Amino acid sequence: MKVQDHASAAAAFIADEPRTDWHDETLWWVRQKRDKAAHGLPEWEQLRSWASQIKDHTLSHLDHYLEEFEKNALANGVQVHWAEDGAAHNRIIHNIIRNHSIQRIVKSKSMLTEECHFNEYIREQGVEVVDTDLGERIVQFRNEPPSHIVLPAIHLKKQDVSETFHEHLQTEKGNNDPQYLTAAARVHLRDKFVHSELAITGVNFAVAETGAVVVCTNEGNADMGTHSARVHIACMGFEKIIPKAEHLSVFLRLLARSATGQPITTYSSIFRKPRPGQEMHIVIVDNGRSRQLGRPDFRNSLKCIRCAACFNTCPVYRRSGGHSYHTAVAGPIGSILNPNLDMKANADLPFASTLCGSCSNVCPVKIDIHEQLWKWRQVLVKEGYVAPAKKLGLQGMAWLLAHPAVYRLAGKTGRWVMRRMPFLVNNRLNPWYKQREMPTPPAQSFRDWYLKNRKS
Amino acid sequence: MKVALFVPCYIDQFYPGVAVATMELLEKLGCTVTFPMNQTCCGQPMANSGFASASAGCDKNFIASFRDAEYIVGPSGSCVLHIKEHLHHHEEEAAATKIRQGIYELTEFLTDVLQVKELPARFPHRVGLHNSCHGQRGLHLSSMSERVLPSYSKPEQLLQMVEGIELLKPKRVDECCGFGGTFCVFEEAVSVKMGKDRVQEHEDNAVDFITGVDMSCLMHLDGILRRKQSRTRAIHIAEILNANIR
Amino acid sequence: MSARHHIIKAVADNKPAFVPLPDINLDQVTGYDDLAAQFATVVQSIGGQVVPVPGWEALKPLPQAERAAGKWVVNAVPELGATDQEVSSMDAVQLAGVDMAFVPGTLGVAENGAVWLYESQMINRLLPFICQQLVLVLERKALVATMHQALLQVDTAREGYGVFIAGPSKTADIEQSLVIGAHGPVGLTVYLIG
């Protein structure tokens with residue numbers, strides 16, 4: 001199936017304008033909660049600088065920290081696996097599951113497993129994995145990917161959830177009360193937790209100094225799963241490393257405030273050793289990250305802590321929905337990460353932005369997101385991933401604007417045509433005119449005026 | 001003070017009144033203003049579409065036009081920001097650097113260089129201020145709602161000097177209007193939806209005019225306003241600061 | 001060559017020039033005049049409650065009173081009487097019926113209402129998550145202003161597991177409507193002693 005590009009998918013999303021307004025307003029409300037939390041800390045900008053500097057430092061010393069982390073994790077009795085790509089990550093987990101002949105598996109939120117398309121893979125192997133984050137469970141029932149990395153089901157209304165739960169959990173038809181629906185999910189998922197044999201989690205931070213992984217949730221699903229199961233697998237992109245436990249203070253202060261406006265997530269759990277009788281694995285994944293690390297213009301995208309503040313503030317994301325980005329990580333940060341994974345398939349994404357810069361301003365680790373969007377555009381054009389018509393048009397424009405006499409003639413002719421034959425531009429073939437009036441072309445340009453009035 | 005006027009191409013062609021207002025305003029404030037006749041475009045439309053590499057001719061022409069200017073002033077935050085961030089030329093790097101450092105958006109030139117404290121302007125209307133992103137987040141013409149820093153606004157500071165004006169802010173004080181250069185046609189649906197939402201917040205304030213430092217954003221908003229036959233119109237800040245309506 | 005070797009080599013080859021770590025100067029960090037008041041305000045804002053008590057004596061009858069009401073109460077606080085060590089070997093199916101758990105905290109953080117628990121304080125790692133009502137007991141003098149002080153005091157490498165808990169389990173995944181009690185406790189009370 002051909003994936004729709006962002007512009008077409010966004011147009012389809014916007015076709016339902018009331019729902020678009022709801023999506024926009026709901027995420028704007030999250031952005032406002034973030035603002036309130038940020039403004040509650042006078043040292044906010046200082047914290048961002050520290051976070052940014054810690055991440056810059058870590059990237060510059062990452063091979064060392066990865067080895068230190070592995071050494072400490074092994075000493076803690078944890079098994080460490082390395083995966084060069086998503087397929088290797090999926091195989092490693094499948095092997096662990098097979099070796100234990102395990103049937104009952106729960107997974108808390110991990111964007112890495114989404115990036116690796118783990119759910120599809122493991123289903124094809126005949127293994128059922130239950131997503132336990134409420135939003136993820138909702139989209140899993142619906143066979144949809146999450147549309148937001150922190151709020152996976154934000155594209156859905158409570159009516160949608162009610163219908164899905166009626167079908168899968170036999171809740172009352174038409175009961176749309178979030179409290180009621182959440183209670184039904186609680187009963188369903190607590191049953192999954194207490195019987196689970198293996199729990200998969202993501203990782204928010206991995207501490208080199210102690211070999212520990214830190215997992216943040218509000219629901220408690222990571223802890224319910226890991227402490228019930230006899231096997232815990234934590235999956236992490238290698239950029240999750242931070243040097244020391246004390247650095248957690250900076251990141252834990254920023255993460256939830258940036259994400260949802262909470263002062264901290266309900267649970268910030270630090271897993272260092274398996275409990276007695278338990279087995280713990282950590283899968284460290286590259287999947288294009290080392291390539292991104294080698295791109296000076298784009299490497300600092302690896303500082304991302306997946307708070308999604310850039311999603312919530314992005315006026316384009318809010319009005320186009322996460323699925324229009326056709327990738328596991330949507331939004332502005334996704335648009336600078338995904339071209340690294342597949343330039344051709346994701347060539348539309350850096351153009352799905354007005355370059356307004358709000359993303360870079362909210363980013364808790366100071367990634368210059370909008371500047372990287374601009375730079376990706378240059379790379380994509382250079383590599384030939386842009387439509388030929390667009391290329392021809394813009395090259396023609398560049399030529400015209402480099403030649404003042406041609407420019408003046410074209411301007412004059414264009415204005416003359418627009419004044420005499422407005423139907424040539426005021427038609428449905430002109431995307432500007434579809435929902436907007438064209439400017440009224442004046443008889444004389446400023447240059448004409450200047451010649452008459454100032455240049456004597 | 002000698003000023004070379006930078007008139008972005010679409011202002012030259014479609015909104016000459018904005019350039020005239022800019023020129024007259026600067027003259028009123030004592031500047032000697034010249035308009036280098038061979039200027040065309042800053043190159044931003046190409047660069048923002050990924051074709052920065054194709055704009056060498058454009059850059060060279062810009063440098064030739066403005067190389068001798070002490071101050072360059074343009075009534076467009078976006079075009080000025082593009083020059084500040086991206087004007088380079090392998091044969092003319094010294095001249096390009098001088099231009100990058102000597103170029104100003106109109107309102108920042110008025111507040112920071114001329115240090116204007118009063119204006120002989122009168123504009124007795126309800127006016128909504130649109131904070132154009134490149135002026136705001138790029139040139140720092142005003143503080144930004146995302147940042148935890150002291151608040152200020154150079155455009156607002158100037159508008160407050162205008163007699164009779166009633167300045168109103170939209171609910172989301174600095175959300176993008178959706179123009180975004182070629183974004184406005186390649187992502188038409190999102191662009192228009194963003195514009196409609198901005199327009200609505202200003203109309204909720206029952207403003208007569210929406211103003212800002214970037215005519216490109218205003219062209220987009222005005223296109224939407226006129227399509228819905230709104231009584232609200234878009235107007236460039238230079239036209240208000242230069243107005244003397246009795 | 002192994003995947004491990006490939007990855008570490010690729011990282012070493014592609015990493016940027018060395019950047020030093022920043023100095024984190026705690027003078028630039030927010031402080032609070034009244035840590036307990038700030039802590040209580042935040043805990044309440046995230047769906048929990050803080051109850052100040054003058055001393056341990058006032059708390060001692062609580063577990064028993066709850067038990068008398070027919071609840072399965074697990075006590076992990078030595079100061080409140082005998083601790084229920086038998087839960088250490090219980091599995092999730094067994095623990096699913098716990099109505100209330102009393103667990104001691106090591107320290108509390110005024111800026112965000114979080115309480116740090118070491119694994120050894122929980123008897124069973126699952127206990128603070130699987131119970132319906134979680135009661136944390138903390139000495140007032142164990143409050144710190146921010147996470148910076150918290151992570152300097154807590155030794156996260158002392159035990160196999162530890163957690164900061166801030167409020168009861170919650171979710172807003174359905175239309176951003178906040179619902180308290182996602183999978184874990186539906187209520188959280190912190191008794192602040194002293």
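Modeller: One definition to start: two strands pair if DSSP finds at least two bridges between them. Keep in mind that this is a predicted model.

Biologist: How many bridges join strand S6 and strand S9 of chain A, and in which sense do they pair?

Modeller: Strand S6 of chain A covers residues 212-217, and strand S9 of chain A covers residues 267-271. Thr217(A) stands opposite Tyr267(A) in S9(A). The two strands are joined by five bridges, and the sense is antiparallel.

Biologist: Which strands stand at the edges of the open sheet of eight strands?

Modeller: The order is S8(A)-S5(A)-S6(A)-S9(A)-S8(C)-S5(C)-S4(C)-S7(C), with mixed pairing. An edge strand has a single partner strand, so one side of it is left without a neighbour in the sheet. The two edge strands are S8 (241-242) of chain A and S7 (143-144) of chain C.

Biologist: Which pair of chains has the most contacts?

Modeller: Two pairs of chains touch. No contact joins chain B and chain C, and their closest C-alpha atoms lie 14 Å apart. The pair with the most contacts is chains A and C.

Biologist: Is Gln176(C) buried or exposed?

Modeller: Gln176(C) sits in a loop of chain C, between strand S9 (170-171) and strand S10 (179-180). Buried means under 20% relative accessible area. Gln176(C) has 10% relative accessibility, so it counts as buried.

Biologist: Which residues is Gln176(C) in contact with, leaving aside its neighbours within four places in sequence?

Modeller: Gln176(C) lies in a loop of chain C. Its contact partners, with those neighbours left aside, carry the letter A. They are Thr26(A), Trp29(A), Val30(A), Lys33(A), Leu151(A) and Ile154(A).

Biologist: What is the phi of Glu175(C)?

Modeller: Glu175(C) is in the loop between S9 and S10 of chain C. Its relative accessible area is 17%, so Glu175(C) is buried. Most residues other than glycine have a negative phi. Glu175(C) has a positive phi, near 55 degrees.

Biologist: How exposed is Ala206(B)?

Modeller: Ala206(B) lies in the loop between helix H11 (188-204) and strand S7 (209-212) of chain B. Phi of Ala206(B) is positive too, near 50 degrees. Ala206(B) is partly exposed, with a relative accessible area of 34%.

Biologist: How many residues of strand S11 of chain C are buried?

Modeller: S11(C) covers residues 187-193. Gly187(C), Thr189(C), Tyr191(C) and Ile193(C) point one way, while Leu188(C), Val190(C) and Leu192(C) point the other way. Residues pointing either way are all buried. S11(C) is therefore largely enclosed by the rest of the structure, and the count is seven of the seven.

Biologist: Which residues stand opposite Leu192(C) in the strands that pair with S11(C)?

Modeller: Strand S1 (residues 49-53) of chain C runs parallel to S11(C), with five bridges. Strand S6 (residues 133-139) of chain C also runs parallel to S11(C), with seven bridges. Leu192(C) is the bridge partner of Pro52(C), and it also stands opposite Leu138(C).

Biologist: What percentage of the residues in chain C is buried?

Modeller: Chain C has seven helices and 11 strands. Its C-alpha atoms fill a box of roughly 65 × 45 × 40 Å. Chain C exposes about 7700 Å², and carbon and sulfur atoms supply 51% of that area. Of its 194 residues, the buried share is 55%.

Biologist: How far apart are the end C-alpha atoms of helix H5 of chain A?

Modeller: Helix H5 of chain A has 14 residues, 86-99. At 1.5 Å a residue, H5(A) should span 20 Å. Its buried residues include Ala88(A), Ile92(A) and Ile96(A). The distance between the end C-alpha atoms agrees with the expected span: 20 Å.

Biologist: Which residue of chain C does Asn221(A) touch, not counting residues up to four places away in sequence?

Modeller: Asn221(A) is found in helix H11 (residues 221-228) of chain A. At 3% relative accessibility, Asn221(A) counts as buried. Among the residues it touches are Ser108(A), Lys109(A) and Phe193(A). The one from chain C is His183(C).

Methods. Residues are numbered from 1 along each chain as its sequence is written. Chains are lettered from A and ligands numbered from 1 in the order in which they are written. This is a predicted model: local features need pLDDT of at least 70, side-chain atom pairs count only at pLDDT 80 or more; totals for chains, interfaces and linings use all residues. Side-chain values use heavy atoms; hydrogens and water are left out. Helices (H or I, at least four residues) and strands (E, at least two) are DSSP runs, numbered from the N terminus. Buried means under 20% relative accessible area, exposed over 50%, partly exposed in between (1.4 Å probe, protein chains only). Contact means heavy atoms within 4.5 Å. Accessible areas come from the Shrake-Rupley method with a 1.4 Å probe; for residues, only the protein chains shown count as cover. The expected span of a helix is 1.5 Å times one less than its number of residues.
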